[in-house]
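Please open the model in your viewer and keep the selection tool at hand.

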Amino acid sequence: MSSLIQSPAWLALQQHQSLMAKLSMRDLFHQDSQRFDKFSLTFNDILLDYAKQRINRETVDLLLTLAHQQKLGDWISRLFAGEKINATEHRAALHVALRSDHAVLLDGVDVMPDIKRVLKQMERFAIAIQSGARRGYSNKLFTDVVNIGIGGSDLGPAMVADALRPYQLNGLTPHFVSNIDGAQISDTLRHLDPATTLFIVASKTFTTQETLTNAHSARQWFLSNDGSEQAIAQHFVAVSTNRPAVQAFGIDPDNMFEFWDWVGGRYSLWSAIGLPIALTIGMDNFYSLLQGAQGMDRHFATAPLDKNLPVMLGLLGIWNINFFGATSHAVLPYDQSMQRFPAYLQQLDMESNGKRTTRDGEVVDYATGAIVWGEPGTNGQHAFYQLLHQGTQTIPADFLAPCQSHHLIGDHHRLLLANFFAQTEALMMGKNAQEVSSELESQGLSAAAIEQLLPHKIFPGNRPTTSILFKKLDPQTLGALIALYEHKVFVQSVIWNINPFDQWGVELGKQLAGKILMEWEHHQTGAHDSSTSGLIRYFKTHQ
Ligand code: F6P
């Protein structure tokens, strides 16, 4: 057994869970009218309400003891100090430097001058494109920007560009191409004019098959639709850590925006990977996004653990996953513009904490990262909420919403928020047999009909949710929300003693795809299991 699950803090939580499992939140709310005040925190315009979790004061104290036992405070300091805490890749995880306002040392050297240099380069470029000083080969203004990237080189910028659409400047429409499925790039290019289209090839490594394949197809499309070799420099820029590969692709290094190996892909939207964001909402708004994250960083680094939003969010996840056995976690934004937020969080959380070995290489004997999923409310309500309310699994959920909408149309926002509040209340309260029975009686149903319907209409309730309300989804608040989740993921990794900054699990599939392609190139059959061989045979005969 690992030392974690034998540790005093863990055992105390286990014992406490057996008591908490017998209590209902409905009763806890009845017994304590101060529950919301006791179990909610604010940071700037963000409210985190975790009163609808299966907790009491002792739960929080025990979780905080676990955090102290796992030396969370030290780990937070090590993250901000630029220590090489990504041990398997011998790297620091210094995404916080990308939004810092003070010197950040890496191996004794301040990284801020480099960060500021690239931010200035982005600013000059964004202004040149937006003002029309930089144009396409036929002197027309750029109207479209296509970001070609995948994973962290796609999900962050795509999510932010969508979420901050109300801040979009006139004139430049962003598009995101990630999938190697030719459908995506074909559909995107079909509507575009090469003379007014700017391409950003975004890849940390510049070796990613999907991105390079899409970039080559975009180049081919550009050349075969009037664009010339000389015009490539005007229409293609790159964001990468790999200068030689960018050059080998045919992009002039003058048109390259650099970032660094200490920025993890899924933590990179704050770097030049955010270029499509800066181009579409302007550099001032991009700086506001960084400032929002910086504020959350400061809060994470300095607030006491019990008043610390990312810490509490992380510990509640631990409570649900490790002590109540939750295997999945729903993220439910009541804001259509945050529709890509769950997908973004999937990479952030699952690529970071989907690990089965500790930092020391031991196989864990406790659960780590949960499955993250979700859809915007109220669409989810009419799709999968049935399972949240009456299914056999308990799925903890985060509900997020702005108090003010950007879209002042009719009564939509009040109706949306009424649904948010009603859902979290229903999930917590449920509806017991007595309530169902009197409801059916008042509807005039016979005793026999009530008896028949009763079990189907009971809601067990006691389903945990955390509510995150914020004033308005502006760049600063979005920056803070993203940083909140980044740090939440880090907190959980510290408790689990895993490295959240590597991603070896994505390698095997890539290697095997390379092997299969090589076999096809050499007309070989290749040794595979019978299922894989059967699938390949079927594909070849039907392609
Ligand atoms: O395959 C996973 C991954 O390595 C992610 O971690 C990363 O965000 C993505 O691929 C894209 O990588 P790159 O930016 O190097 O193209």
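**First stop: the largest pocket**

Select T205, T208, Q503, V506 and K510, which among the 37 residues lining the largest pocket lie nearest its centre. The model is predicted, with local features needing pLDDT of at least 70 and side-chain atom pairs counting only at pLDDT 80 or more, while totals for chains, interfaces and linings use all residues. Residues are numbered from 1 along each chain as its sequence is written, and side-chain values use heavy atoms, with hydrogens and water left out.

A pocket here is an open set of points, on a 1 Å grid over the protein atoms alone, where a 1.4 Å probe fits and protein lies on both sides within 12 Å along at least five of seven lines; lining residues have an atom within 4 Å of a point. The volume of the largest pocket is about 930 Å³, counted as the space filled by probe spheres set on the points.

Next, select α10 (209–224), α16 (341–353) and α22 (507–521), each of which supplies at least two residues of this lining; α22 gives the most, with four residues. Helices are DSSP runs of H or I with at least four residues, and strands are runs of E with at least two.

**Second stop: the second largest pocket**

Move on to the second largest pocket, which has a volume of about 530 Å³. Select D335, Q336, S405, H407 and L416, the closest to its centre of the 23 residues that line it. Then colour α8 (155–163), β12 (397–404) and α18 (412–429), the elements giving two or more residues to that lining; the largest share, four residues, comes from α18.
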